[in-house]
Amino acid sequence: MSEKPPIGRGAGPSSAPTVDVSAMPAVLSRIARLALRYPWRMALTFVTSLLAALASLMAPQLIGGSIDAAHRMMTSAVHPGDAAAVKALLMRNAFLILAATSLRGVLTLASGYQSEYLSQRVALDLRTAFFQQLQRLSFGFHDRIHSGDLITRGMLDLEGARALINGAIFPAVSLVLLAAFVAWRMLALDPVMTLIGLGFIPFAGASLGRMGFRLRVTWLRVQQLMSALTLAMEENLQGIRVVRAFAGRAFELGKYDAAANAVLTFQYRRITLRFAGVLGMQVSFYISLGLLLWYGGTKVLAGQMTPGRLTEFVAYMMLLLGPIRQIAIIFNSMARATSSGGRLFEILDLQPEVADAPNAEPLRPTEGTLRFEHVDFRYDPAGRQVLSDISFEVGAGKTLGIVGPPGSGKSTIANLIPRFYDVSGGRITIDGTDIREVTLASLREYVGLVQQEAFLFDASVGHNVAYADPWAEDARIEGAARTAQIHDHIAGLPGAYETRVGERGVALSGGQRQRMSIARGVVPGPGVMVFDDSTAAIDAVTERKVREALAQATAAKATVIIAHRLSSLMHADEILLLDEGRIVERGTHDELVARGGVYADLFELQSRMGSDLEDAA
């Protein structure tokens, strides 16, 4: 039976595809406020957007004036000198149109560059904050949410939130500025034609509003399915040897294909929604443009409007066409940012379950005595009791051994000492000070935990051994390796301590990884040492050498050893036998054997198995 609750396999804290409409303004404004950390960049972006919008107004006026001048020259007797002047006007206007459009292009490019820069800076801030938050959150959080989901949030969701800056906010600003100037200019020319020309806006707004809400739902589901897809790939890569060993290739391909097709289905739905919104918007736009041409054409025929003025109106409308097409992209970016930002902020807003108390001070050990006082613990407040009334004391220079069947609470005790979790009842003290009253950093510097799962980073051997103290001298690193009985193997590697161990230490055997882990725990010289079944993968002869070396290295420290192999505990000053989270037997090895209880039966069984193996050899 597992001691811990099952690791979350879904999308994390918000796996249900629900959408809170009221959260949209808060999420979007929170992302936008991140850009306010760079006010000069924002100001520069707004200024270039404003100037680009003003430059856009020049071309329609010049085109309209040119058409009217050409029309007058064609429809009336013009003096040769006047004709030359008209031609000069047309040439001048052509040059000004080219200059205005070039200026608009340069300003638009500058605005786009600044908005992209801002979005990337916001992405860096979010990325750093997210990674720092993952380091702060407690083990209980990491037990509940899968790393694949966290990777998706820290990469894909973060990218979706970042894109709001350059994909929605500044394009929307440019569109609003341009639309405002165009509307102002059109109203000055003819209010009725302006109403006809801009009559598409309410219909386009309704179509886009409906599209935006449905896109939010779709984007949220896409991001959750991407988490599942990432999980499928991550688990496959981590367990690739198991997959190959059990010929699970077809099953894994089927599982991944199902997850990928689920993502594809919702991506298609997202694309369909977007293009449906664009279609409705463009249809309404061209209807308005057609009505404008019909109404304006009748006024031109009636002599109430010049062809150039009508052309200017049409040019203003066409100015809006490009940005209006961007509205769908803007709504899509907002919908994605709302879903992605909500998932991202859900993690950023969490408070660690285990954190420093408000007035916590660094641990100031004196004698180095570790004590459990009637400790109770459960991983979930509503779950089963994992530990019940656990009490013991380990002084400096003393060794406590803990043994028991799987699920009895041994590893839980090891995880409570450095305060990876907080006790549910009772307390844990070091020299009489409750560990909840000291800073986590000082406590974890003082408590050295060597776990059964020997995780190694894809770095050099020396960097792995010195992980707890990167500035450790070479002599200390080598001394720790000698204590763990791994130095001779390291010395024989091609690069000795500079040799890379590969991802998760793949270049080393299980026993070598465990000895590397032991060496890593010895380097910083902690005051309390906890070995959580850290020699399970080491053969009996090497284990005895490691134990003898560790006895010297930890002679003046409180030491807790958790093991299944009783030969690892025989030298302990006291041994606890756990069963279902309770201490059922305690005493020295000789006392427990003499008592004839469960420990004595277990020792006899292991001794007999050892003798049988020796006979077989």
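**View 1. Burial of T429 in the predicted model.** With a relative accessibility of 0%, below the 20% limit, T429 is classed as buried. The model shown is predicted. T429 lies in strand β4, which spans residues 425-430.

**View 2. Contacts of T429.** Neighbours within four places in sequence are left out here, and T429 then touches T369, L370, R371, E373 and D434.

**View 3. Helices α9 and α10.** Helix α9 covers residues 249-301 and helix α10 covers residues 307-348. Their axes approach to within 10 Å and cross at roughly 170°. The crossing angle is over 145 degrees, so α9 and α10 count as roughly antiparallel to each other. Where α9 meets α10, the residues in contact comprise 19 nonpolar, four polar and three charged ones.

**View 4. The chain around the close-ups.** Of its 617 residues, 46% are buried, and T429 is one of the buried residues. The accessible surface of the chain amounts to about 30,600 Å², and carbon and sulfur atoms account for 61% of that area. When contacts between residues at least 6 apart in sequence are considered, 80% of them link residues at least 24 apart.

Key:
Residues numbered from 1 in each chain as written. Predicted model: local features only at pLDDT ≥ 70, side-chain atom pairs only at ≥ 80, totals over all residues. Heavy atoms only, no water. Buried < 20%, exposed > 50% of the residue type's maximum accessible area, 1.4 Å probe, protein only. Contact = heavy atoms within 4.5 Å. Areas by Shrake-Rupley, 256 points an atom, 1.4 Å probe, with all protein chains shown as cover. Axes fitted to C-alpha atoms, helices over the stretch in contact; angles between N-to-C directions. Helix = DSSP H or I, 4+ residues; strand = E, 2+ residues; numbered from the N terminus. Parallel < 35°, antiparallel > 145°, perpendicular 65-115°, else oblique. Nonpolar A, V, L, I, M, F, W, Y, C, P; charged D, E, K, R; others polar.
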